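Biologist: I should like to learn how to read a structure of this kind. May we go through its features in turn?

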Amino acid sequence: MVEINNLSKSYGINKIFENESITLTNSCIYALVGVNGIGKSTFLNSIIQPSTLDKGSVKIDDIPSTDFTAKYHYAFVPDTKDMFLNLTGKEYLQFVSELYNQKEKFDELLAIYIPKLKLENSLEQTISSYSLGMKQRLGIAQALLHNPKLIILDEPTNGLDVNGIIEMRRLLKNLAHKGGVAIMVSSHILAEMEMLCDEIAIIVNGKIQQVKTLDEIKESQQSRLIYYIQVNYPNYAAKLLKMQFHVDAKIKNDVKDRIFFNCDKNIIPKIISYLVNKKMLVSGAGKLDISLEDEFIEIVKQNTTDTSIS
């Protein structure tokens, strides 16, 4: 378990975040998401570099992060891959294993993780010859050498191809759900976070607005427009729904042949039948798939005047 209490960080007069707290439990993957420049990387760095904080505390397995021994309980893989480019992949991993007193277990750990990360044919090559995706895999490998209970990853799929992303997702889920590791991931790719993570922490204006599971996020959106009907006269159809069923239907500018609404799902067949009886052409109907991106955009809109997302 990781306990983060009242973290505050500023650069000069600019407060990045203030009095932020969150608890990370074992066997769970957390996503940290937010717009560019909001402080995601700063927050991640603050967890493992307490000296950079204005105030606050972090405990990892009940060990204060200010204690040197805490370094044996976590691993951090930043978005920039600063490595010794003149070393081979294997030499670099040997160096890291010795730093963490894992020299005797090095071959055993290598046999476990290198095949999963598809690095078997690259270990004898110098890191300078590695692609960005290969450096990403090597960074994950070095993070796993000392069996940490907390892994922090900043943009872990950067540079990976589709197969690499799928393999990375499978490895991280296995580490968390079977190995009992707590994992926190920061990424701009919300669709990938939705497939990878168990819980989502959203940062807006320097505040962690909420930590929810994906099921909780979808449940919270039930009051929004979640059904649609594709019809030839959407404006007229919307008026009919209002008069006959007291349903407030909307038309979106980017999808002008559909009406969007929320209601008891059991009356939808009645709505469709009613529209058909009114000589309207109904060519489709369905339920919207509420995504993490939808929730993220909604929270940003509610908590900031700047709704641009990059």
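Biologist: In which helix is the place of Ser-97?

Modeller: The model is a predicted one. Ser-97 belongs to helix α2, which covers residues 89-99.

Biologist: Is Ser-97 buried or exposed?

Modeller: A residue is called buried when its relative accessible area is under 20%. Ser-97 has a relative accessibility of 2%, and therefore it counts as buried.

Biologist: What does the side chain of Ser-97 reach, and which residues does Ser-97 touch beyond four places in sequence?

Modeller: Its side chain reaches the backbone oxygen of Gln-94 at 2.7 Å. Leaving aside residues up to four places away in sequence, Ser-97 touches Gln-102, Lys-103, Phe-106 and Leu-145.

Biologist: How do helix α4 and helix α5 pack?

Modeller: Angles under 35 degrees count as roughly parallel. Helix α4 (residues 132-144) and helix α5 (residues 162-177) pack at about 15°, and their axes lie 12 Å apart. The two helices are therefore roughly parallel. The crossing of α4 past α5 is left-handed. On the α4 side, Arg-137, Ile-140 and Leu-144 take part; they meet Gly-164, Glu-167, Met-168, Leu-171 and Leu-175 of α5.

Biologist: Where is confidence lowest, and where is it highest?

Modeller: Where pLDDT is low, the predicted coordinates should not be read in detail. The protein chain has an average pLDDT of 85, with 89% of the residues scoring at least 70. Confidence is lowest in helix α10 (residues 292-303), with a mean of 64, and highest in helix α9 (residues 268-277), at 94. Over residues 305-310, pLDDT stays under 50.

Note on methods: Residues numbered from 1 in each chain as written. Predicted model: local features only at pLDDT ≥ 70, side-chain atom pairs only at ≥ 80, totals over all residues. Heavy atoms only, no water. Helix = DSSP H or I, 4+ residues; strand = E, 2+ residues; numbered from the N terminus. Buried < 20%, exposed > 50% of the residue type's maximum accessible area, 1.4 Å probe, protein only. Polar contact = N/O pair within 3.5 Å; in protein donor to acceptor, adjacent residues only side chain to side chain. Contact = heavy atoms within 4.5 Å. pLDDT = per-residue confidence, 0-100. Axes fitted to C-alpha atoms, helices over the stretch in contact; angles between N-to-C directions. Parallel < 35°, antiparallel > 145°, perpendicular 65-115°, else oblique. Left-handed = near helix turned anticlockwise from the far one by under 90°.
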